[in-house]
Amino acid sequence: MKYPALGADFEVKETSFCCGAGGGNMWRGVSTGKRMEGLRIREAVNTKVQGIVTACPHCDIMFDSAIKQEGLGYTFKLINLIELVKQAVL
């Protein structure tokens, strides 16, 4: 999907899953299994996209943490929708 005003092509996911913060995982540790935000970042990386756009402040925090934990800090981008629009208009 092209959004010329934003200067980028986007792969739009019609349905998405919670990053984990909505279920309270931001405030409690997960002692078994894998963390939800890590699973979501891996899912995105496996689609070969270069990054993700979020509209939720909880997702910003959770995904930023997961990107760092996965060692993707310089290769996978995370941007909030408001920042993306700001960049497009300035």
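1. Helices (H or I, at least four residues) and strands (E, at least two) are DSSP runs, numbered from the N terminus. Val89, for instance, is found in helix 3. The structure is a predicted model, in which local features need pLDDT of at least 70 and side-chain atom pairs count only at pLDDT 80 or more, while totals for chains, interfaces and linings use all residues. Residues are numbered from 1 along each chain as its sequence is written, and side-chain values use heavy atoms, with hydrogens and water left out.

2. Helix 2 has 13 residues and reaches 19 Å from its first C-alpha to its last, close to the 18 Å expected at 1.5 Å a residue; the expected span is 1.5 Å times one less than the number of residues. Its buried residues are Cys59, Met62, Phe63, Ala66 and Ile67. Seen down the axis of helix 2, these buried residues fall within an arc of 135°, so they line one face of the helix. The arc is that of the directions from the helix axis to the C-beta atoms. Buried here means under 20% relative accessible area, exposed means over 50%, and partly exposed lies in between (1.4 Å probe, protein chains only).

3. What covers the buried residues of helix 2 includes helix 1, strand 3 and strand 4. The face turned away from the buried side carries the exposed residues Pro57, Ile61, Lys68 and Gln69. Just after helix 2, Gly71 takes a positive phi of about 75°.

4. Thr54, in strand 3, is buried, with a relative accessible area of 5%. Leaving aside neighbours within four places in sequence, Thr54 is in contact (heavy atoms within 4.5 Å) with Cys59, Asp60, Phe63, Leu78, Ile79, Asn80 and Leu81.

5. Leu72 lies in the loop between helix 2 (57–69) and strand 4 (77–80) and is buried, at 11% relative accessible area. Not counting residues up to four places away in sequence, Leu72 touches Ile41, Arg42, Val45 and Ile67. Between Leu72 and Val45 there are 9.4 Å from C-alpha to C-alpha, although the two are 27 residues apart in sequence.

6. How many salt bridges are there? The count comes to three, a salt bridge being a side-chain nitrogen of Lys or Arg within 4 Å of a carboxyl oxygen of Asp or Glu. One of them joins Arg42 and Glu70, with the closest N and O atoms 3.0 Å apart. Arg42 lies in helix 1 and Glu70 in the loop between helix 2 and strand 4, so this pair ties together parts that are 28 residues apart in sequence. Arg42 is partly exposed at 29% relative accessibility, as is Glu70 at 33%.

7. Another salt bridge links Asp64 to Lys68, the closest N and O atoms being 3.1 Å apart. Asp64 and Lys68 are four residues apart in helix 2, about one helical turn. Asp64 is partly exposed, with a relative accessible area of 33%, whereas Lys68 is exposed at 59%. In helix 1, Glu43 and Arg40 are three residues apart, and their side chains meet in a salt bridge (4.0 Å, N to O).

8. Lys48 deserves a separate remark. Lys48 is found in the loop between helix 1 (36–46) and strand 3 (51–54) and has a positive phi of about 75° although it is not a glycine. Most residues other than glycine have a negative phi. At 70% relative accessibility, Lys48 counts as exposed.
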